[in-house]
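Please look over the sequence and the structure shown here before reading on. The briefing that follows is arranged by topic.

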Amino acid sequence: MNNLSLDLETFSDVDLSKCGVYKYASSPAFQILLFGYSVDHGPVVTVDLASGEVLPEEILAALTDPAVIKWAFNCMFERICISTYLRKHYPEHFTTYSIPEDTVRNYLDPASWHCSMVWSAYRGLPLSLAAVGAVLGLEDQKMTEGKDLIRFFCMPRKSDGGRNLPSDAPDKWAVFKSYNIRDVEVEISIQERLQKFPVPESVWKEYAIDQEINDRGVMVDMKLVKNAIAIDELTHNKLVDQLTAITGLENPNSVQQMKEYLATNGLVMDTLGKKAVREMVKTAPEDMKMVLELRQETAKSSIKKFQTMERAACSDDRVRGMFQFFGAPRTGRFAGRLVQLQNLKRNDMPDLAEARALVKEGNYQALELLYDSVCKIRLIRATGPEDRRA
């Protein structure tokens with residue numbers, strides 16, 4: 001065996017799009033439902049783990065064999081999910097690549113994992129399996145039923161938080177197994193179509209380094225994060241109360257209500273976007289200037305990064321999976337995911353350390369007393385210079 005092509009269908013109660021695969025796979029509810037594979041581009045097999053089937057011993061061995069290249073489209077998902085699966089069900093087959101001094105030792109060595117999405121991106125193709133198949137005109141295309149089946153079997157029910165099992169819809173489950181097989185077939189077709197345009201070994205080495213960076217993650221100060229979110233909520237509520245008192249509006253957050261109020265007071269605005277409000281503030285009467293400035297303060301979105309940190313942080317307070325290798329297909333540059341670490345706003349406050357300490361303590365009264373705008377204070381990073389390790 002030289003190559004093993006893979007595709008998984010999984011369940012978790014964690015939102016993959018909002019929290020990332022590391023948090024997703026670490027949930028106690030996480031489960032691999034279907035394990036599709038092909039050995040050396042041979043027939044595709046799907047192992048129905050959800051129904052009690054087990055992986056063949058040779059496949060288990062191949063998952064940690066450095067001589068076998070594991071392939072998947074966006075293979076970080078498969079590698080992290082399989083790492084969790086092996087640690088839980090086959091610890092004798094799990095081996096880590098981390099050095100003994102490293103506290104992060106939960107993932108399979110990425111050196112023997114190759115990503116057909118990276119291969120596609122290297123050739124300027126899209127970052128979606130369906131889109132790549134369409135561009136290449138593959139005979140076998142990704143099945144369109146997949147999204148509905150994933151919602152049905154792989155996500156908690158919105159009605160009660162429960163889940164749908166294979167026995168609840170045998171006909172749908174049979175189609176889902178076919179979907180799993182088809183995805184592996186499409187991945188193999190992509191590899192075969194691109195085989196004349198191989199990715200240089202140097203790029204695969206860079207990819208492995210990228211995966212190590214994502215595996216290690218970045219430590220965040222969760223006490224600071226939680227208190228920043230709490231302070232933001234308190235600040236926001238006070239600002240809304242002020243706006244309500246001044247304008248008499250039922251909901252001053254409503255764009256329509258606010259535009260109508262401003263028009264009644266002589267300020268007709270097509271949009272309440274930041275740029276438009278900033279320009280209007282320059283010429284608005286003092287009473288309307290105050291309303292516009294308060295509106296701007298309530299609309300600040302900087303706290304969203306803290307909320308993302310809180311959602312995505314693993315049990316050791318590290319956020320993982322924040323970089324996408326070849327995220328921009330045409331240029332090959334990295335792209336940010338989740339917190340978008342590369343876009344953290346720089347804060348040049350001279351007393352930044354003191355402000356961070358007050359936020360970490362949750363000392364809202366001191367912040368309000370010492371600073372003109374608590375909203376500006378909440379822009380501080382939850383990672384200090386000593387913490388931004390990747």
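## Salt bridges and strands

Asp316 and Arg320 form a salt bridge in which the closest N and O atoms are 2.7 Å apart, a salt bridge being a side-chain nitrogen of Lys or Arg within 4 Å of a carboxyl oxygen of Asp or Glu. The model is a predicted one, in which local features need pLDDT of at least 70 and side-chain atom pairs count only at pLDDT 80 or more, while totals for chains, interfaces and linings use all residues. Residues are numbered from 1 along each chain as its sequence is written, and side-chain values use heavy atoms, with hydrogens and water left out.

**Exposure of the Asp316 and Arg320 pair**

- Arg320 counts as buried, because its relative accessibility is 3%, where buried means under 20% relative accessible area, exposed means over 50%, and partly exposed lies in between (1.4 Å probe, protein chains only).
- Asp316, at 31% relative accessibility, counts as partly exposed.

**Other salt bridges**

- A search of the whole structure finds ten salt bridges, among them the one between Glu310 and Lys226, whose closest N and O atoms are 3.3 Å apart.
- This pair links distant parts of the chain, since Glu310 lies in helix α13 (residues 303–312) and Lys226 in helix α9 (residues 222–247), 84 residues apart; helices (H or I, at least four residues) and strands (E, at least two) are DSSP runs, numbered from the N terminus.
- Both partners are partly exposed, Glu310 with a relative accessible area of 32% and Lys226 at 46% relative accessibility.
- Another salt bridge joins the side chains of Arg182 and Glu185, with an N to O distance of 3.6 Å.
- Arg182 and Glu185 are three residues apart in helix α7 (residues 170–194), so about one helical turn separates them.
- Arg182 is partly exposed, with a relative accessible area of 24%, and Glu185 is also partly exposed, with a relative accessible area of 28%.

**Strand β2 and its partners**

- Strand β2 (residues 31–39) is largely enclosed by the rest of the structure, because seven of its nine residues are buried.
- Strand β1 (residues 3–11) pairs with β2 in the antiparallel sense over eight bridges, where two strands pair if DSSP finds at least two bridges between them.
- Within this part of the structure, Asp7 has Gly36 in β2 as its bridge partner.
- Strand β3 (residues 45–48) also pairs with β2 in the antiparallel sense, over four bridges, and Val45 in β3 is the bridge partner of Tyr37.
- β2 and β3 form a hairpin with five residues between them, and Asp40 in the turn has a positive phi of about 50°.
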